[in-house]
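Take a look at the aromatic side chains in this protein. How do their rings pair up, and what lies around them?

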Amino acid sequence: MLTSLRVRSPVVQPPSSLSASSPLSLSNSSRNLSFLGRKPHHRFSTISASNDRCGPPPDSSFTGGESFFRNILSAMEAVYLSRNPTAKSILELVRSADNDHICYDHFAFRTFGVNGHGIDSMAKAFVDFGYIQRDELRFPAKKLKAYWFSPPNGLHSGCGGGVNGPLPRIFISELLVDQMTDEAQKIIKKYTKLSGNGHMHAALSSSLGCLTWEKPSYSEFQQLARESEYAAWTLVNGYALNHVTISAHRLTSHLRNIKNLNQFIEDKGFKLNSEGGILKVSPDGLLLQSSTVADSTSFQFSEGITEPIPCSYIEFAERLILPQFKNLPENKVYFVRLTEYLLFSLTSDFFPKRCPKL
C-alpha cells in the first residue's frame with residue numbers, strides 16, 4: 001500500500017468570495033473539498049506543481065528503462081487521442097504554432113475504490129519507475145479521494161515535447177464505492193469481480209485502451225449515471241486516460257499566455273468550457289485554467305445496442321511564479337500549486353444531454 005505520505009492536516013475550505021456559478025465556487029464540488037497534506041499558505045485547496053511550497057520534493061531517481069516507460073506513456077496518449085478528436089486537433093494546432101514545444105502538466109486517471117481497483121492499482125506502474133506519492137485530496141460531495149505523484153527528478157527536464165518532454169505529474173482519483181447506494185455498489189462490485197486480477201495490469205489496460213472487465217449493460221450504465229457521473233464514466237472507460245493538461249507557461253510563442261491560447265483555440269472553431277467563465281483564476285491570481293468540454297464516442301453495450309458515452313477533455317494551465325521565488329533563475333523557480341477543482345465537473349455536462357431520464 002502507498003501510505004508513506006498520507007499525513008493529515010486541517011481541512012481547507014475554498015474561499016467564499018467566489019461566485020456561485022463558478023466551478024471554483026462553494027456551490028459545486030469544491031464546496032466539500034478537503035486538502036490533506038502539508039499546510040497550505042492560503043485558503044485555496046491545491047496540489048503541488050513542479051516543486052512543493054515547503055521545498056523541493058524528496059530526491060527520486062528514475063528506475064528502469066526510460067524509453068520503455070515513455071513508450072507506456074505514448075501508448076496511453078495514443079488511446080486518449082484516438083477517442084478524443086478535439087484534443088488531437090488542438091494538440092496538433094498548438095504544436096504547429098509553437099514549434100512542437102508542448103509540455104504536459106499532468107495526466108489524470110479515474111478508478112473504483114473497491115476489490116483492489118483503486119488508486120494503488122494504477123499508481124504502482126508510476127511508483128515502480130520512480131514517481132513519488134504526494135498529497136491526498138478529498139471530495140466528499142462527489143464521494144472521491146485522490147493522490148498526485150511527482151515525477152522522478154532525474155528525467156524531469158526531459159527533451160523534446162509531449163511524452164518525450166518533461167515527465168508529467170500523475171493525478172489518480174478513486175470513487176469511494178462503500179459510500180454509494182446499495183444498487184450502485186452492486187453494479188460496481190459485479191464488474192470489478194469479473195475483472196479478477198485485472199487491477200494488477202491497470203497500466204496495460206490503459207495502454208491498450210480496453211476494459212479489465214466485460215462490457216457493461218446499458219441499463220446499468222444509466223443507473224450509475226443517475227447517481228454518479230464519475231462512476232458511469234469509469235464503468236465504460238476503465239483505466240483510460242481521463243484528461244491531459246498542457247502547461248501554457250512552458251510554450252515558447254505568444255500562446256504561453258493562456259488568454260492568447262484560449263483565443264487561438266476559439267478562433268480555430270473549438271468550444272471552451274464556459275461554466276463559471278472560460279478562464280478560471282485562483283484567488284491569488286497565480287493559477288489560470290481553461291478546458292474544452294468532453295468529447296463523446298459510440299460504445300456497444302452488452303445488450304448489443306450502441307449508444308454515445310462521454311470520453312475526455314483537454315485542459316490548459318498557466319502557472320505564475322510564486323512571489324518569493326520571482327528573482328530566481330527560471331529553472332529554479334517554484335510555481336504556484338495546481339488546483340483540481342475542475343477534474344470532476346467537465347464531463348458531467350454530457351449526461352443531461354445524452355442519457356435519457358436524467
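What follows is a walk through the aromatic contacts.

This is a predicted model: local features need pLDDT of at least 70, side-chain atom pairs count only at pLDDT 80 or more, and totals for chains, interfaces and linings use all residues. Residues are numbered from 1 along each chain as its sequence is written, and side-chain values use heavy atoms, with hydrogens and water left out.

A pair of aromatic rings is described by the distance of the centres and the angle of the planes. Rings of Phe, Tyr and Trp (its six-membered ring) pair if their centres lie within 6.5 Å; planes under 30 degrees apart count as stacked, over 60 as edge-to-face and the rest as tilted. The structure holds twelve such aromatic pairs.

Start with Phe-109 and Phe-126. Their ring centres are 5.9 Å apart and their planes sit at 45 degrees, so the pair is tilted. It links distant parts of the chain: Phe-109 belongs to strand 2 (residues 104-112) and Phe-126 to helix 3 (residues 119-128), 17 residues apart. Helices (H or I, at least four residues) and strands (E, at least two) are DSSP runs, numbered from the N terminus.

Phe-109 is buried, at 1% relative accessible area. Phe-126 is buried too, also at 1%. Buried means under 20% relative accessible area, exposed over 50%, partly exposed in between (1.4 Å probe, protein chains only).

Phe-109 and Phe-126 also belong to one aromatic cluster with Phe-68, Phe-69, Phe-129 and Tyr-131.
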